[in-house]
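Colleague: Could you walk me through how the labels on this one were assigned? I'd like each value set against its cut-off.

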Number of protein chains: 6
Amino acid sequence: MATVTLINYDDASPDVRAVFDDIKRTRNIPDVNNFWKALANHPETLKRTWEALREIMRPGSLDPLTKEMIYVAVSVANNCDYCIHSHTASAFAKGMTGAQYAELLAVVGMASQTNALATAMKVPIDAQFQAESRR
Amino acid sequence: MATVTLINYDDASPDVRAVFDDIKRTRNIPDVNNFWKALANHPETLKRTWEALREIMRPGSLDPLTKEMIYVAVSVANNCDYCIHSHTASAFAKGMTGAQYAELLAVVGMASQTNALATAMKVPIDAQFQAESRR
Amino acid sequence: MATVTLINYDDASPDVRAVFDDIKRTRNIPDVNNFWKALANHPETLKRTWEALREIMRPGSLDPLTKEMIYVAVSVANNCDYCIHSHTASAFAKGMTGAQYAELLAVVGMASQTNALATAMKVPIDAQFQAESRR
Amino acid sequence: MATVTLINYDDASPDVRAVFDDIKRTRNIPDVNNFWKALANHPETLKRTWEALREIMRPGSLDPLTKEMIYVAVSVANNCDYCIHSHTASAFAKGMTGAQYAELLAVVGMASQTNALATAMKVPIDAQFQAESRR
Amino acid sequence: MATVTLINYDDASPDVRAVFDDIKRTRNIPDVNNFWKALANHPETLKRTWEALREIMRPGSLDPLTKEMIYVAVSVANNCDYCIHSHTASAFAKGMTGAQYAELLAVVGMASQTNALATAMKVPIDAQFQAESRR
Amino acid sequence: MATVTLINYDDASPDVRAVFDDIKRTRNIPDVNNFWKALANHPETLKRTWEALREIMRPGSLDPLTKEMIYVAVSVANNCDYCIHSHTASAFAKGMTGAQYAELLAVVGMASQTNALATAMKVPIDAQFQAESRR
């Protein structure tokens with residue numbers, strides 16, 4: 001159960017409705033999902049979060065599916081139930097295949113393992129990594 | 001400073017050298033990096049970790065750069081210093097552009113924010129997400 | 001479902017009852033909540049945890065509501081379901097307004113985002129921060 | 001060492017300089033700190049992050065020091081080195097006393113402990129918490 | 001609800017069945033648990049994960065119960081619901097007493113607290129720790 | 001660099017010295033380590049933390065080395081640099097062998113991987129786990 005009341009379109013203030021309308025138009029969906037209905041309790045946060053998300057997730061140097069898979073990976077690492085469900089569903093909706101999902105999960109699992117091992121042993125960073133990542 | 005001594009090729013046992021040789025051959029590099037030299041203290045873990053990584057990171061339904069960016073995303077979320085440096089460098093070495101890196105970071109940052117917001121409000125999961133993610 | 005049986009007052013040993021009585025008296029409530037009933041399986045941990053919590057959460061240089069909001073922030077970052085619910089409820093019980101809650105969430109979300117960005121880029125720490133924080 | 005080059009004012013593009021100018025004016029400081037110089041590699045992220053931060057951290061229902069302490073708490077829980085240093089320094093700069101800092105740390109530590117205990121035992125959520133947090 | 005369909009033995013491919021058979025034989029149980037049925041969607045990940053787990057959890061320099069308790073501790077710190085339930089149950093099945101469980105939880109809680117405190121204050125590492133841990 | 005000044009015995013107040021003396025006597029060491037010198041800025045937190053740690057880490061149903069290894073595991077999962085160094089060193093000082101350390105790391109790494117996989121797929125919890133863990 002949420003810590004806030006979900007606000008539906010009919011009960012929303014004009015500024016919340018404006019954001020809801022933009023979400024529905026941008027995503028071509030009949031209603032916004034629960035995350036936005038929860039954020040609608042804080043209209044400023046709703047507007048800022050939606051506008052940032054819309055800007056960040058639009059096609060750019062990375063295609064939308066790649067971005068969505070990265071979103072899933074972070075949500076798993078951060079253990080956000082809602083976000084794992086919503087972004088996994090979004091990735092499938094954007095064309096992720098079962099084989100791609102399997103590989104995404106394998107990378108996430110492997111990274112979690114080597115993250116723990118490198119952290120445990122406090123492995124010193126190789127000089128060449130720093131040069132390469134600053135290119 | 002590492003919690004273990006880094007083991008160089010010249011001081012390594014035959015089974016460790018066999019793994020080091022496979023890493024160098026597979027990646028076409030003159031020496032393995034510090035992570036493997038640290039793991040060499042535990043030859044079984046070294047072998048198992050390398051073989052799993054080799055299998056998971058090879059080209060498949062996802063291309064190697066996408067996998068590497070997912071690896072970076074998880075390493076950031078798990079806050080692994082060594083892994084952030086090594087996998088960011090690997091992603092650049094595999095052709096990640098500055099623009100792609102910028103978008104990768106933006107997605108990781110955005111996901112971290114909405115993860116926190118959804119977790120804080122305990123947003124109930126929309127029914128349609130579950131249907132979509134099980135397809 | 002809990003990994004332990006919740007222990008109610010009527011079934012509790014005298015030392016557990018003594019802690020339960022102190023909790024009820026201090027908080028002026030008719031019964032302790034489930035966290036304490038779960039901890040009652042480990043009377044030493046119950047006693048130590050309650051006494052530390054009572055000492056830490058009492059009014060001091062920070063008022064109780066500020067402490068409670070900090071508790072919510074940490075619980076969100078650590079993703080503790082039970083704690084998010086219980087401390088969000090406690091903060092409201094101590095007078096947190098909807099507007100304050102909205103700002104608390106906005107700060108938690110923003111911090112999560114910039115935490116991820118600074119961690120991803122391994123930003124070097126500015127010299128002046130260290131001087132100021134040691135004052 | 002950062003994964004990106006820090007960009008100083010003299011080397012910055014006009015849109016980056018505009019953000020730097022706003023940061024310096026808003027905070028009344030002679031130069032921006034390293035976080036912004038790192039983000040300047042991604043002008044869109046720089047602008048969006050700064051504008052969100054400026055909006056969120058301004059005085060509102062919560063005073064700036066309370067917001068800063070919540071920021072420290074989240075940064076500790078997320079283990080962001082840079083952010084712990086920068087926001088602890090900011091909190092001191094905004095008037096946090098040593099006694100307040102001691103209480104902040106005590107709450108963060110206590111929350112981390114009870115978060116772990118409640119998570120470990122999967123304590124079921126009390127019905128009254130849900131009612132109270134939805135008020 | 002899972003993001004994948006659970007695959008039962010009767011619906012499984014021969015390579016999945018081979019892994020399921022090995023799990024059942026090794027653990028002397030009539031059916032595999034849900035984790036393996038979920039992983040069966042990705043036969044390669046299923047096989048690799050099971051083989052690694054079987055190798056790592058067998059008796060060695062550490063006895064199986066100690067390994068299981070370490071597994072619980074990590075699962076709590078990583079906040080994995082499923083894993084907390086399954087490995088706590090496994091630890092009890094391997095003979096963990098209520099008193100041992102109480103001490104395990106107390107250590108996990110204490111570590112979480114001092115982890116947060118040391119992280120918050122950025123305590124510099126004592127020279128002698130490094131010497132001792134490299135022995 | 002620490003966010004606080006480390007307080008040495010000679011500069012400490014009587015109540016801090018009393019805790020330092022107890023630490024030195026209990027552990028039979030000539031000086032306390034940096035964690036305690038940092039906590040000495042907050043005498044109440046110093047005293048409470050030391051007394052809880054002393055109680056929790058003494059021999060009980062679990063032997064001190066097992067407790068120390070669990071402490072390392074949690075510190076790795078929580079990514080606390082200081083704690084990884086100090087508790088890995090303590091575990092070696094209490095007799096942990098290189099082989100035991102290798103197995104400890106392998107379990108921590110494996111748990112981190114399966115934690116991520118189970119979390120990603122939201123695997124439903126098997127009924128029998130709940131029954132067993134409540135015994």
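**Labels and cut-offs**

Modeller: Let's start where two chains meet: 22 residue pairs are in polar contact between chain B and chain A, both residues at pLDDT 80 or more. A polar contact is a pair of N or O atoms within 3.5 Å; within protein, one must be able to donate a hydrogen and the other to accept it, and residues adjacent in sequence count only if both atoms are side-chain atoms.

Colleague: Which elements of chain B give two or more residues to the side that touches chain A?

Modeller: Those are α2 (34-39), α3 (43-57), α4 (64-78), α5 (81-93), α6 (98-121) and α7 (127-133) of chain B. The most comes from α6(B), with 17 residues. Helices here are DSSP runs (H or I, at least four residues), numbered from the N terminus.

Colleague: And the ground rules?

Modeller: It's a predicted model, where local features need pLDDT of at least 70 and side-chain atom pairs count only at pLDDT 80 or more, while totals for chains, interfaces and linings use all residues. Residues are numbered from 1 along each chain as its sequence is written, chains are lettered from A and ligands numbered from 1 in the order in which they are written, and side-chain values use heavy atoms, with hydrogens and water left out.

Colleague: What makes K67(B) and E103(A) a salt bridge?

Modeller: The closest N and O atoms of K67(B) and E103(A) are 3.0 Å apart. The term asks for a side-chain nitrogen of Lys or Arg within 4 Å of a carboxyl oxygen of Asp or Glu, so the pair qualifies. Chain B and chain A have 2 salt bridges between them.

Colleague: How many residues does each chain put into that contact?

Modeller: 68 residues from chain B and 68 residues from chain A, with contact meaning heavy atoms within 4.5 Å. The two chains bury about 6100 Å², 71% of it on carbon and sulfur atoms. That area is the accessible area (1.4 Å probe) that two parts lose on being put together, summed over both.

Colleague: Why is the link of C80(D) and C83(D) called a disulfide?

Modeller: Their sulfur atoms are 2.3 Å apart, and the rule wants a pair of cysteine sulfur atoms within 2.5 Å, so they pass. The torsion about the S-S bond is about 50 degrees, so this disulfide is right-handed. In chain C, C80(C) and C83(C) have their sulfur atoms 2.2 Å apart, and in chain E the link of C80(E) and C83(E) is right-handed, with 55 degrees about the S-S bond. Over all chains the count comes to 6 disulfides.

Colleague: How do you know whether C80(D) is buried or exposed?

Modeller: Its relative accessible area is 1%. Buried means under 20% relative accessible area, exposed over 50%, partly exposed in between (1.4 Å probe, protein chains only), so C80(D) is buried. C83(D), at 2%, counts as buried too.

Colleague: And what makes H42(E) buried?

Modeller: H42(E) has 6% relative accessibility, so it counts as buried. This residue lies in the loop between α2 (34-39) and α3 (43-57) of chain E. Leaving aside neighbours within four places in sequence, H42(E) is in contact with Y101(A), A102(A), L105(A) and M121(F).

Colleague: Why are chains E and F said to be related as by a two-fold rotation axis?

Modeller: Chain F can be laid on chain E with an RMSD of 0.0 Å by a turn of 180 degrees and a shift of 0.0 Å along the axis. The two copies are thus related as by a two-fold rotation axis. They also use the same surface, as 100% of the contact residues of chain F recur in chain E. The superposition is by least squares on the C-alpha atoms of residues with pLDDT of at least 70 in both.
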